[in-house]
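Colleague: Please take a close look at a single residue in this protein. I would like its place, its cover and its partners, then the setting around it.

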Amino acid sequence: MEIRPLTQEERKYTCPQSMQLQGQTGSIGRLQGDFGIGGTEYSQSWTDYRGRYKPDDFESELDGITNALRSGECGWLADRNTMKAYVTAYPESAFQENHNKEYGFRVDTDRHAYLIRCSLPANSARFNCYCYVSEYLDKHMENAAKGIRFISSGYKELFRIPDGEKITVTSAWGEKKEHTCRYIDEYHTEVGGHLYHICEFAERMEQNGAVYEPKAEKPQKAKEDRNQER
């Protein structure tokens with residue numbers, strides 16, 4: 001069993017995914033753990049996602065990992081204080097999620113990847129462990145790293161954006177809306193939670209007289225990025 005902080009790309013898979021992404025990434029399910037108000041209680045619950053990816057010995061493997069992370073050699077999910085001490089010792093594991101600081105780690109076995117997101121709100125603590133078939137998850141992330149293509153109805157590539165970034169759609173009457181986009185495969189993407197073939201999206205936008213483009217970068221962020229490149 002190997003444990004390491006999550007990469008930036010892996011963090012995108014520590015939240016509920018659409019049915020399409022569950023299928024592409026080999027998503028088995030999610031284990032939720034909570035330490036209660038006192039920080040020393042423990043309760044857990046399991047949610048199935050794609051049962052066809054769950055082998056007969058999966059439950060025993062998950063139990064073994066959970067027991068190891070709550071006691072013995074690892075022990076960092078034993079209680080709130082232990083978890084806090086562990087995650088804060090790895091500042092590279094921290095990231096922002098819904099305005100809160102979260103901490104992420106990946107645990108690997110021979111066949112499965114367990115992506116764990118730890119939360120430490122005031123007077124409480126919890127974690128979510130998203131379980132994947134590692135072969136499928138890693139292959140999907142490799143493909144998603146190429147970016148999401150946006151094309152014209154004639155299949156001319158207009159631009160690409162990184163998986164998980166946003167586009168701005170301007171309607172024929174000038175209304176602007178931002179939509180988060182997720183990579184599904186080379187020819188399909190989710191825009192604002194809706195699945196499209198990339199040509200279907202282009203045709204629909206053109207029929208509606210809408211214009212779509214990458215979300216404009218904030219001036220301050222652009223300035224910081226330019227400074228880092230120097």
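Modeller: Arg106 sits in strand 5, which spans residues 100-108. Strands are DSSP runs of E with at least two residues, helices are runs of H or I with at least four, and both are numbered from the N terminus. This is a predicted model: local features need pLDDT of at least 70, side-chain atom pairs count only at pLDDT 80 or more, and totals for chains, interfaces and linings use all residues. Residues are numbered from 1 along each chain as its sequence is written, and side-chain values use heavy atoms, with hydrogens and water left out.

Arg106 is buried, at a relative accessible area of 3%. Buried means under 20% relative accessible area, exposed over 50%, and partly exposed in between (1.4 Å probe, protein chains only).

The side chain of Arg106 makes a polar contact with the side chain of Glu10, at 2.8 Å. Such a contact is a pair of N or O atoms within 3.5 Å; within protein, one must be able to donate a hydrogen and the other to accept it, and residues adjacent in sequence count only if both atoms are side-chain atoms.

Leaving out residues up to four places away in sequence, Arg106 touches Glu2, Ile3, Arg4, Leu6, Glu10, Ala113, Tyr114, Leu115, Ser134, Leu137, Asp138 and Met141. Contact means heavy atoms within 4.5 Å.

Now the setting. The protein has six helices and 14 strands. Its C-alpha atoms fill a box of roughly 60 × 45 × 35 Å along the principal axes. Of its 230 residues, 42% count as buried. Among contacts between residues at least 6 apart in sequence, 55% join residues at least 24 apart.
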